[in-house]
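Please examine the predicted model shown below.

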Amino acid sequence: MWRFGRRPGRASRGADIGALLVPEAFGADPVLRTACEAVREGEVESGLPLLAESREAPELRVLRAVELGRAAADRPGGVAALVESGADRADAVLWLGYALLARIPAGAVGGAGASTAERKAASAALHEAGDALEAAAGMRPDDAAPWEGLQTVATGLDADREDKDRIWREIIARAPHLFPAHMTRVRALRPPPGESAGPGAAEEMFAFAGSVADTAPEGSPLPAVLALAHAEHLRRERDRLRGEGNMDFIVDGAMGRLYGEAVQELFAFARDWVARAVPHLRDAQAHHLFGWAFHKAEMTEAARWHLSAVGGLRCDLPWSLFGRASTEAGRAMAELGVDPARDPGA
């Protein structure tokens, strides 16, 4: 599936381009940016109308809950206080859960570079977020958003399989095609770090992602989750090489590329999606996933097309698996000649 061989790096304007990119949520939902700016400035109540408006739209509700959570990461007390001020309790507690999740540093749970103290602190924070999200789920039983947050908690804590499967069933019973939930499910099925990296180690993750791609509604961006499975696999191979004691420059040189049937399958899914695409809040995310995969496959034209299609929008995945998301995405764009400043509406 992955071929390993030296591929020299080259200087790029990755950091410069990355600095121009803004979160995908602000492109998909323009009013969200204004609300998040207000929340960061202390006007916490500004986020409540957006959550209230999205109660019947799971994709929009999760998108808003995640981004508002990031905006309130330094103000969880302000979000909690909204309940006492008469705000809708379910909305406020849902928001609090996502704000607590946003406070956890990337890589602090299960990250190879995290200290014992950092892992313990992150675990405690995940449990605290889980308590809030469980409460939110109980307050509005038909809401898929708390369950999507709980899936993130369970994945971060590496909960037992029965618990992960229970949460997944709760999500799809409420929102069977929720894009971020499928992304997190792929990550929940990745092999644990200590498991042997044999050829069948990631079989279940790929089987799930492939099934999602095969059965996605026509025009849905869901087939892109298969690219995420490949990114998780490549990240695992990188970690394996590092675990064997290889120096970083050797690992970087040995990173593989996607080829053969795997990339042909991805190209077919991407082509079919583009031909029948129905506008979706997660279109930029799908373009980033396919763009990453085709860049790794050295399919320059396809990669350039998908990364041009994102305009100036940034997505954390899959780029954050390999470094700082904005820098990694910017580097790929620079190598492909994509300039969001020159052609933001491509």
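Which residues do ring pairs link into a cluster? The cluster consists of Phe267, Trp273, Phe290 and Phe294, joined through ring pairs.

In this predicted model, the count of aromatic pairs comes to five, with ring centres required to lie within 6.5 Å. A pair of aromatic rings is described by the distance of the centres and the angle of the planes. Consider tryptophan 168 and phenylalanine 208: their ring centres are 5.6 Å apart and their planes stand at 85°, so this pair is edge-to-face, since an angle over 60 degrees falls in that class. The two residues belong to distant parts of the chain, 40 residues apart: tryptophan 168 lies in helix α10 (residues 161-174), and phenylalanine 208 in helix α12 (residues 203-215). Tryptophan 168 has a relative accessibility of 10% and therefore counts as buried, the limit being under 20%. Phenylalanine 208, at 16%, is buried as well.

A stacked pair is formed by tryptophan 292 and phenylalanine 322, with 5.9 Å from centre to centre and 10° between the planes. Here, too, distant parts of the chain are linked, the residues being 30 apart. Tryptophan 292 is located in helix α16 (residues 283-296), whereas phenylalanine 322 is in the loop between β4 (313-314) and α18 (325-336). With a relative accessible area of 2%, tryptophan 292 is buried. Phenylalanine 322 has a relative accessibility of 17%, so this residue also counts as buried.

Conventions: Residues numbered from 1 in each chain as written. Predicted model: local features only at pLDDT ≥ 70, side-chain atom pairs only at ≥ 80, totals over all residues. Heavy atoms only, no water. Phe/Tyr/Trp six-rings, centres within 6.5 Å; stacked < 30°, edge-to-face > 60°. Helix = DSSP H or I, 4+ residues; strand = E, 2+ residues; numbered from the N terminus. Buried < 20%, exposed > 50% of the residue type's maximum accessible area, 1.4 Å probe, protein only.
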